Amino acid sequence: MKMKMVKQPDPATGCGVAVFGMLTERDFDEALAHLLTRRGDWISRTSHHMTVKQMEAALRGHFGNDAAITRRCFDKQPWCAIYVVYQQRWRHWLAWDGKRFFDPLSPGGPTKTIRRKITRVVTTKAQSNP
């Protein structure tokens with residue numbers, strides 16, 4: 001599978017929605033609509049923020065119950081959501097395709113490196129189902 005960049009329209013929120021969209025091959029609006037229709041609290045309905053548990057639950061809902069695992073260390077497994085420290089006090093979601101980081105806030109495209117501290121990684125088994 002080839003990952004496509006999905007940008008978050010609001011710089012203050014929506015990175016989790018964008019990353020979910022990248023990992024499930026949806027654009028931002030499709031990903032948001034899917035997350036909002038789920039009654040399992042996959043997303044904050046007012047702010048559109050996603051916690052680590054919400055991201056894991058949403059990815060399990062898409063790929064299957066055993067298809068998403070949360071880890072504290074980045075082991076470079078492809079097709080995962082990465083939670084990083086952003087501007088010292090915030091958290092931000094990125095996607096990783098196995099070779100590049102996809103930042104939904106980035107004005108450019110994907111990059112091979114990041115300069116942010118990784119706090120959690122939600123790995124999927126999507127790469128094994130091209």
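**Helices and strands, term by term**

Tutor: Helix α1 crosses helix α3 in a right-handed sense, that is, the near helix is turned clockwise from the far one by less than a right angle. The model is predicted, so local features need pLDDT of at least 70, side-chain atom pairs count only at pLDDT 80 or more, and totals for chains, interfaces and linings use all residues. Residues are numbered from 1 along each chain as its sequence is written, and side-chain values use heavy atoms, with hydrogens and water left out.

Student: Why are α1 and α3 called roughly parallel?

Tutor: Their axes lie 11 Å apart at an angle of about 25°. Angles under 35 degrees count as roughly parallel, over 145 as roughly antiparallel, 65 to 115 as roughly perpendicular and the rest as oblique. The pair α1 and α3 is therefore roughly parallel.

Student: What makes the description of α1 and α2 roughly perpendicular?

Tutor: Helix α1 (residues 15–24) and helix α2 (residues 28–37) pack at about 105°, with axes 8 Å apart. α1 and α2 are therefore roughly perpendicular to each other.

Student: Which residues of α1 and α2 meet?

Tutor: From α1 come V17, A18, F20 and G21, and from α2 come F28, A31, L32, H34 and L35. Seven of the residues in this contact of α1 with α2 are nonpolar, two are polar and none is charged; Ala, Val, Leu, Ile, Met, Phe, Trp, Tyr, Cys and Pro count as nonpolar, Asp, Glu, Lys and Arg as charged, and the others, Gly among them, as polar.

Student: How do you know whether I82 is buried or exposed?

Tutor: Buried means under 20% relative accessible area, exposed over 50%, and partly exposed in between, with a 1.4 Å probe and protein chains only. I82 has 0% relative accessibility and therefore counts as buried. I82 belongs to strand β2 (residues 80–86). Leaving aside neighbours within four places in sequence, its contacts (heavy atoms within 4.5 Å) include F74, W93, F101 and V121.

Student: Why is strand β3 described as largely enclosed?

Tutor: Five of the seven residues of β3 (residues 90–96) are buried, so the strand is largely enclosed by the rest of the structure.

Student: What makes β2 and β3 a pair of strands?

Tutor: Two strands pair if DSSP finds at least two bridges between them. β2 and β3 are joined by seven bridges and run antiparallel. V84 stands opposite H92 in β3. β3 also pairs with strand β4 (residues 101–102), in the antiparallel sense over two bridges.

How values were computed. Axes fitted to C-alpha atoms, helices over the stretch in contact; angles between N-to-C directions. Helix = DSSP H or I, 4+ residues; strand = E, 2+ residues; numbered from the N terminus.
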